[in-house]
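Visitor: I would like a close look at a single part of this model. Please take me through the core and what surrounds it.

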Amino acid sequence: MRLAIVILGAILALPAQAASPYVGQIKATASCAQCHGLRAPAEGSIFPKLSGRDPEYLKKALRHYRDKTRHSEIMNAMAGSLSDEDINDIVSFYSNVKP
Ligand code: HEC
């Protein structure tokens, strides 16, 4: 019984800790893809490409938009409601997409 509780606890704790590219894809589809695309933004669009980029760079950029140390009206609004978990999930998706 005790062991079962320990195992259940470990399973429940997992998704909250590990960044998930699958969850990230769902979040990116809902919130980011209309501008940035999933693989790439529309040809000739003004939106920067996110796929295949350095994960540390993307996380830092999103945190800076969130705390408004980097200014962009659109991205300050988009990143304002992201949690650290959202950022980790979304970045683990985009950084793993092969451009
Ligand atoms: C309505 C369009 C729009 C949406 C939706 C949007 N973005 Fe952006 N994004 C932009 C624009 C425009 C820029 C360029 C802003 C600038 O000049 O800093 C940008 C820039 C970025 C950058 C910086 C890229 C670089 O090269 O420095 C990142 C990272 C980013 N967006 C991530 C996201 C994520 C993650 C989402 C979803 C949560 C998202 N964006 C949703 C329009 C959008």
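**The nonpolar core and its surroundings**

Guide: The largest nonpolar core has 10 residues in all: A28, L50, L62, Y65, A79, I87, I90, V91, F93 and Y94. At least two residues of this core come from α4, and at least two from α6 (84–94). Helix α6 gives the largest share, 5 residues. The model is a predicted one.

Now set the core in its chain. The chain has 6 helices and 0 strands. From the N terminus, the order is α-α-α-α-α-α. The chain has 99 residues, and 18% of them count as buried. Take the contacts in the chain with a separation of 6 or more: 65% of them join residues 24 or more positions apart.

Start with one core member, L50. Leaving out residues up to four places away in sequence, L50 touches H36, L58 and Y94. Y94 is itself in the core, as is L50.

Next, the helix pair α4 and α5. Helix α4 spans residues 55–66, and helix α5 spans residues 73–80. Their axes lie 7 Å apart, and the packing angle is about 95°. An angle of 65 to 115 degrees counts as roughly perpendicular, so α4 and α5 are roughly perpendicular to each other. On the α4 side, the residues that meet α5 are L62, Y65 and R66. On the α5 side, they are M75, N76, A79 and G80. By class, this contact has 4 nonpolar, 2 polar and 1 charged residues. L62, Y65 and A79 also belong to the core.

Look at A61, in helix α4. Is A61 buried or partly exposed? A61 has 19 C-beta neighbours inside 10 Å. A buried residue needs 20 or more, so A61 counts as partly exposed.

Finally, the ligand. How many residues surround the ligand? There are 16, and the closest are S31, C32, C35, P48 and S72. By class, the shell has 12 nonpolar and 4 polar residues, and no charged residues.

Helix α4 supplies at least two core residues. Helix α4 also packs with helix α5.

Notes: Residues numbered from 1 in each chain as written. Predicted model: local features only at pLDDT ≥ 70, side-chain atom pairs only at ≥ 80, totals over all residues. Helix = DSSP H or I, 4+ residues; strand = E, 2+ residues; numbered from the N terminus. Buried ≥ 20, exposed ≤ 12 C-beta atoms within 10 Å, placed from the backbone. Contact = placed C-beta atoms within 7 Å. Axes fitted to C-alpha atoms, helices over the stretch in contact; angles between N-to-C directions. Parallel < 35°, antiparallel > 145°, perpendicular 65-115°, else oblique. Nonpolar A, V, L, I, M, F, W, Y, C, P; charged D, E, K, R; others polar. Near = placed C-beta within 6 Å. Core = buried A, V, L, I, M, F, W, Y, C linked by C-beta atoms within 7 Å.
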